[in-house]
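Here are my notes for you on this one. Have a look at the model first, then go through the points with it open beside you.

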Amino acid sequence: MREVVVLGVGMHEFGRFRDKTPSDLGRVAVTRALSDAGVGWGDIQALYAAGFQTPAMPSIGHLVVSGVGLSGIPVVNCENACGGGLTALSLAYQAIAGGFYDTVLCVGVEQQPKRGFLTFTRMPDWWIKTGVAISGIIYAWDAQRYMNEYEVTSDLFAKISVKSHKHASLTPYAHYRHQGNLTVAEVLNSDMVFDPLTLLMLSPINDGASAAIVCAREVATKKYPDKKPVTVASVVLRSAHYDRHTLLFPHGMVSRAAKEAYEKAGIGPEDIDVAEVQDACASGEAISAEELGLCQPGEYKRLMDEGATQIGGRIPINTDGGYLSRGCAIGAIGLAGMAEIVWQLRGEAGPRQVAGAKVGLVETEGDGPVCSVAILKT
Amino acid sequence: MVQKPPVPIEEGLFTVPSAPAEKPRLIGSKCRDCGEVFFPKTVMCRKCFTETTDAVFLSTRGKVYTYTVVRRPPPPPWQGVIPFAAGYVALPEGVLVGRVVFTGCEPEAIHIDMDVEFVLEKWGEDEAGHDILAPRFRPV
């Protein structure tokens, strides 16, 4: 099995772009990634695309291809909710490691159709009718269990949101980059959506796109010797293992995916220098970071109070603002998180740079439930 | 005038009492091999992966496993009053029942581990004027 590297990454800014089409968003991310990698569209042998809510016929992958060029390559569309982007990466990884392709493009695109609650239509009718199928409610349930289990208050979630917005103020493509001086009080006093989560503790669902050129190392070394590839040490995709409390905290699925990812990469959580973790809501960052083993269960509050998870701290988390402030353009978030890790590991993260970052982790979770973890290193 | 009998919001989730003294019962399934219980009822056992389940009535009382208070109106076809509390209930046989709306008290009064019991509540009416009943839990 061959070693796999990321040769280039590119993004379209996250935000609200009513005057653009999903094809536009995807084309921008793709051309930026190609330019970053020094690769031409004609060298791409396959496309793995992720999208979720975006209405696309026939498919998001083909929409993107139609905006870039009809080269006849195989196009695979991955629908795995928030896990879609890293699902595309895992397929690319397998195809390259297995010797099927040398150079592959992964792209995630999202243009959310509307504001307000989304209703996930696969949910039972009676849930939809009784108002319990609304997007994000599961995070409120998790947050309540977490507060009950570890005797923390929503102050912790407010602090996470403040950190997130501070990081986003250093991130040119983040949606909410103008709230770098947000305070805990402002977060707590924003509209309560579902207790304990206020508006500023919930990620905005927005538009965006992200792309990555993934390559076999041996090909990268020969064809693109001037580039600084980042190694994909492991990428793992899991769904929920049966548990009576499936979907609710503790997740179990995340810790299983993480364990497998660490084992395949030959490292432990203590080796992670920088991480992008699921923060669809502020409480999610704490829960996921603990499930990933970045700290012990219930310890995230201490980590936050020590400043450990800020840029400059011991284990910076969500250095680009994460879903919370960069935004949650569902199909695009996995590869956006990976782009941030790639920039960090290359030393190209500018004011967000984590000094000496050599090993990074990106994790996403989605309705499924699905969890994906990728570990990258230089 | 003939009384219009109420209808459940979804078939197969619970029984609708036909007499005033009768209690409504949630319908789940139990695996013959491992004993795991599921709600709503399943054909397969999600733990054993075999087709070994039988339908069972579930306990009528349990404890709030988790909850939240929803403060913004969900989109149609939802109908109801804001704010409302909703979440999951843990029954003694180990199954988590969800997702349910809590009733019978102020939404903010609901808390984790609160003792609650299963009831039915009118959600709306169908085109023929029958009451549509939804599953709820209320403080004991």
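1. B:Phe118 and B:Phe137 are both buried (buried is under 20% relative accessible area, exposed over 50%, partly exposed in between, with a 1.4 Å probe and protein chains only). Bear in mind that this is a predicted model, where local features need pLDDT of at least 70, side-chain atom pairs count only at pLDDT 80 or more, and totals for chains, interfaces and linings use all residues. Residues are numbered from 1 along each chain as its sequence is written, chains are lettered from A and ligands numbered from 1 in the order in which they are written, and side-chain values use heavy atoms, leaving out hydrogens and water.

2. Now the rings: the whole structure has ten aromatic pairs over all chains. Rings of Phe, Tyr and Trp (its six-membered ring) pair if their centres lie within 6.5 Å; planes under 30 degrees apart are stacked, over 60 edge-to-face, and the rest tilted. One of the pairs is B:Trp78 with B:Phe84, stacked at 6.0 Å centre to centre and 25° between the planes. B:Trp78 is buried at 13% relative accessibility, and B:Phe84 is buried at 7%.

3. Back to B:Phe118 and B:Phe137: their ring centres are 5.6 Å apart with the planes at 55°, so this pair is tilted.

4. Which ring does the charged end of A:Arg145 sit over? That of B:Tyr65, 3.7 Å from its centre (the rule: NZ of Lys or CZ of Arg within 6 Å of the ring centre and within 35 degrees of the ring normal). Likewise, A:Lys20 lies over the face of A:Phe17, 5.4 Å from the ring centre.
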